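User: Could you walk me through this one? I'd like to start with how you sort residues by accessibility, and then go on from there.

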Amino acid sequence: MKHTFYKYQGTGNDFVLFDNRDGRYNGLETRVIRRLCDRRFGIGADGLMLLNKHPDYDFEMKYYNADGRESSMCGNGGRSLVKFAADLGIVQTEYRFLAVDGPHEASIELDGNVALRMQDVNEVRHDGSNFILNTGSPHFVHLTDDVMGKDMVRIGRQIRNSPEFEKEGINVNFVEQTREDDEIIVRTYERGVEDETLSCGTGVTAAALVCAHNENGFNRVDVRTRGGRLAVEFDKSGNHFSNVWLIGPAERVFEGIIDF
């Protein structure tokens, strides 16, 4: 059977999207999702998303990792799905949609960037230069002064599969603060993809919160990833982060027809 798919990306974090407002993909099997995300035997993507109808929201986001399993929140995926919704004719000044971690707000700004409100963060565990926090997905953040020189796949895989994290998995981020302290550089190894991705929205968010430069009040952290630039804005009060927004580009790459 032939199906129309759409390919979107947010700073190099790429996704296969399906319009599922009629429910036709509710029974999509794990093996099919895994095949569609395969870069050699399928379309190729870091994950797959369904745009679902919801009676109380503009739409519902259903996200699957490249391994075919439903996953936790994906920040770049959420921003890409907002752009997809707009391209489908769901045009709003402000969007409200439901994801696995709860409700989200979003908007498409005048410059075309998509701003997505993330969940509040109330706890950051840390030990020296290592931090653990949940920004919709669990993240391990390590501060370093040579992020581009790291073997992210080898080190990320070791941490993700260590005894502490092996069962549930964790995303691993290495972060470097620039000398001017006005920008951070982030690289991420993502569970479910089991590889380094060019960008990770929840990872960028986690890294920005860890690197917050003010003790309290409004913060903005500009972020450079291998796939492009993002920004994270938030209010900080002690160890509590609220009004967290992930901001950056989300673009349609192409659409096509596939038989499965």
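Analyst: Buried means under 20% relative accessible area, exposed means over 50%, and partly exposed covers what lies in between, with a 1.4 Å probe and protein chains only. By that scale Arg220 is partly exposed, because its relative accessible area is 39%. Please keep in mind that this is a predicted model, in which local features need pLDDT of at least 70 and side-chain atom pairs count only at pLDDT 80 or more, while totals for chains, interfaces and linings use all residues. Residues are numbered from 1 along each chain as its sequence is written, and side-chain values use heavy atoms, with hydrogens and water left out.

User: ok, which residue does Arg220 form a salt bridge with?

Analyst: Its partner is Asp222, and the closest N and O atoms of the two are 3.0 Å apart; a salt bridge here is a side-chain nitrogen of Lys or Arg within 4 Å of a carboxyl oxygen of Asp or Glu. Asp222 is also partly exposed, because its relative accessibility is 29%.

User: And how many salt bridges does a search of the whole structure find?

Analyst: The search finds 20 salt bridges. Among them is the one between the side chains of Lys62 and Glu70, at 3.5 Å from N to O, where Lys62 is partly exposed at 23% relative accessibility and Glu70 is partly exposed at 44%. There is also a network of salt bridges that links Lys7, Asp14, Arg39 and Asp46.

User: What about Arg226, which side chain does it meet?

Analyst: Arg226 meets the side chain of Glu196 in a salt bridge of 3.2 Å, N to O. This pair links distant parts of the chain, 30 residues apart, with Arg226 in the loop between strand 14 (216-225) and strand 15 (228-237) and Glu196 in strand 13 (residues 195-197); helices (H or I, at least four residues) and strands (E, at least two) are DSSP runs, numbered from the N terminus.

User: Buried or partly exposed, for Arg226? And for Glu196, buried or exposed?

Analyst: Arg226 is partly exposed, with a relative accessible area of 48%, whereas Glu196 counts as buried at 15%.

User: Switching topic: what does the domain assignment give?

Analyst: Domain 1 comprises 2-107 + 250-259 and domain 2 comprises 124-238, with bounds that come from an automatic or database domain assignment. The C-alpha centres of domain 1 and domain 2 lie 23 Å apart. Their contact, meaning heavy atoms within 4.5 Å, takes 15 residues from domain 1 and 18 residues from domain 2.

User: How much area do domain 1 and domain 2 bury between them?

Analyst: They bury about 1100 Å², of which 46% is on carbon and sulfur atoms; buried area is the accessible area (1.4 Å probe) that two parts lose on being put together, summed over both. The count of salt bridges between domain 1 and domain 2 is zero, while eight residue pairs, both at pLDDT 80 or more, are in polar contact between the domains. A polar contact is a pair of N or O atoms within 3.5 Å; within protein, one must be able to donate a hydrogen and the other to accept it, and residues adjacent in sequence count only if both atoms are side-chain atoms.

User: Where does the largest share of the side of domain 1 that touches domain 2 come from?

Analyst: It comes from helix 2 (residues 75-87), which contributes three residues.

User: Now helix 4, why is it largely enclosed by the rest of the structure?

Analyst: Helix 4 (residues 201-210) is largely enclosed because ten of its ten residues are buried. Those buried residues include Gly203, Val204 and Leu209.
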